[in-house]
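Visitor: I would like to learn how to read this structure. Please take me through it feature by feature.

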Amino acid sequence: GVFYERYHSLEDIYYWINKTKQDHSDMVKVILIGSSSEKRPLYVLKLSGRRDEVKRAMWIDCGIHAREWIAPAFCMWFVNYALAFYNQNTEITDILNNMDVYILTVMNPDGYKYTWTTDRMWRKNRSSNKDSDCFGADLNRNFDANWCTKGASDNPCDPTYCGQFPESEPETQAVARFLRSHKDTVKLYLSIHSYSQMLLFPYSCSYDEIPNHNELFEVVKEASTKIRRYYRTNYKYGPGAKTIYLAPGGSDDWAYNFGIKYSFTFELQDRGRYGFLLPPSFIPQACNEALLATKIIALHVIKKL
Ligand code: 0X9
Ligand code: ZN
């Protein structure tokens, strides 16, 4: 519906989370995993299909970076699609029957709010930094993966400030703790960003090649090929360091090293014409592209489990 073809304020998104749970109480649970530095709740939606056998799970987070509005829009798009097409579309039905899906719609609520009220181009969270008047740390430089080496900044005034120490930020800590406490079930980690149209996998924090490089390379290659065929949009793919740039402290690398061997970052549309200011009319196609890639990867993981 037209609701999913717009960007939504943080208040709207909180309202939507609650409404989604109420309207689909059979398939949806809401889990509070922590709170932001300005004390906003971090809610994860848990989607489940048939609940007979012991299940694996996948994780999707959106909106680590405040200004990347298409990312929360994708999380909402995905939830709506999954609930609408469960038992209609065989792929999403297969996925939900074999995996619970945990969705963190806005990982950085304080920053997201700030992009709606004050500075549309804000990236970081909004925590105060000691001995500095500058606010915020880059949550995708704050995870414990070659933390604060080349590709991150130790200056609190920079957009890629890594924070005081790994997991210094409450948003980072909430996600890392949740995944640590679900180590046995979560087999696939997915983080949604924009922009530049890329399907990335580890490592970004070094040029080392991961042990299952070929397998992950083949699966993102397939996703990229199908996106091109269906939507005529080009997505680059490969390990982060080689494909985009060297950047330590990212969630995908941390999740990978922690043991989630299927770990990906998507950079959605576009390639810079509108950049972070992607017009709402692009939401359906951008989200459908990412949805296609998500399905291909999830089905691959299910086949391999
Ligand atoms: O730099 C980032 O965090 C991501 N690009 S963005 O333009 N959305 O900021 C890329 C993340 C790739 N993965 C890691 N760096 N771990
Ligand atoms: Zn980003």
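Guide: Start with a pair of strands: E6 and strand E8 (residues 262-268) pair in the antiparallel sense, over three bridges. Helices (H or I, at least four residues) and strands (E, at least two) are DSSP runs, numbered from the N terminus. Two strands pair if DSSP finds at least two bridges between them. In E8, Glu267 is the bridge partner of Met198.

Visitor: What should I know about the model and its numbering?

Guide: This is a predicted model, in which local features need pLDDT of at least 70 and side-chain atom pairs count only at pLDDT 80 or more, while totals for chains, interfaces and linings use all residues. Residues are numbered from 1 along each chain as its sequence is written, and chains are lettered from A and ligands numbered from 1 in the order in which they are written.

Visitor: Which strand does E6 run parallel to?

Guide: E6 runs parallel to strand E7 (residues 236-239), and four bridges join them. Tyr237 in E7 is the bridge partner of Leu199. Between E6 and E7 the chain passes through helix H6 (residues 213-231), a right-handed β-α-β crossover. A crossover is right-handed if, with the strands pointing away from the viewer, the path from the first strand over the helix to the second runs clockwise.

Visitor: Which way do Met198, Leu199, Leu200 and Phe201 point from E6?

Guide: From E6 (residues 198-201), Met198 and Leu200 point one way, Leu199 and Phe201 the other, and all are buried. A residue is buried if 20 or more other C-beta atoms lie within 10 Å of its own, exposed if 12 or fewer, and partly exposed in between; C-beta atoms are placed from the backbone.

Visitor: Why does Met58 count as buried?

Guide: Met58 counts as buried because 25 other C-beta atoms lie within 10 Å. Met58 has its place in strand E3 (residues 56-62).

Visitor: How many residues does the largest nonpolar core have?

Guide: Such a core is a set of buried Ala, Val, Leu, Ile, Met, Phe, Trp, Tyr and Cys residues joined through C-beta atoms within 7 Å. The largest has 89 residues, and Phe74 and Leu199 are among those with the most contacts inside it. Helix H2 (residues 70-85) gives the largest share of this core, ten residues.

Visitor: How many residues surround ligand 1?

Guide: A residue is near a molecule if its C-beta atom, placed from the backbone, lies within 6 Å of it. For ligand 1 there are 14 surrounding residues, and the closest are Asn140, His193, Ser204, Ala247 and Gly250. Helix H8 (251-258) and E8 each supply at least two residues of this shell.
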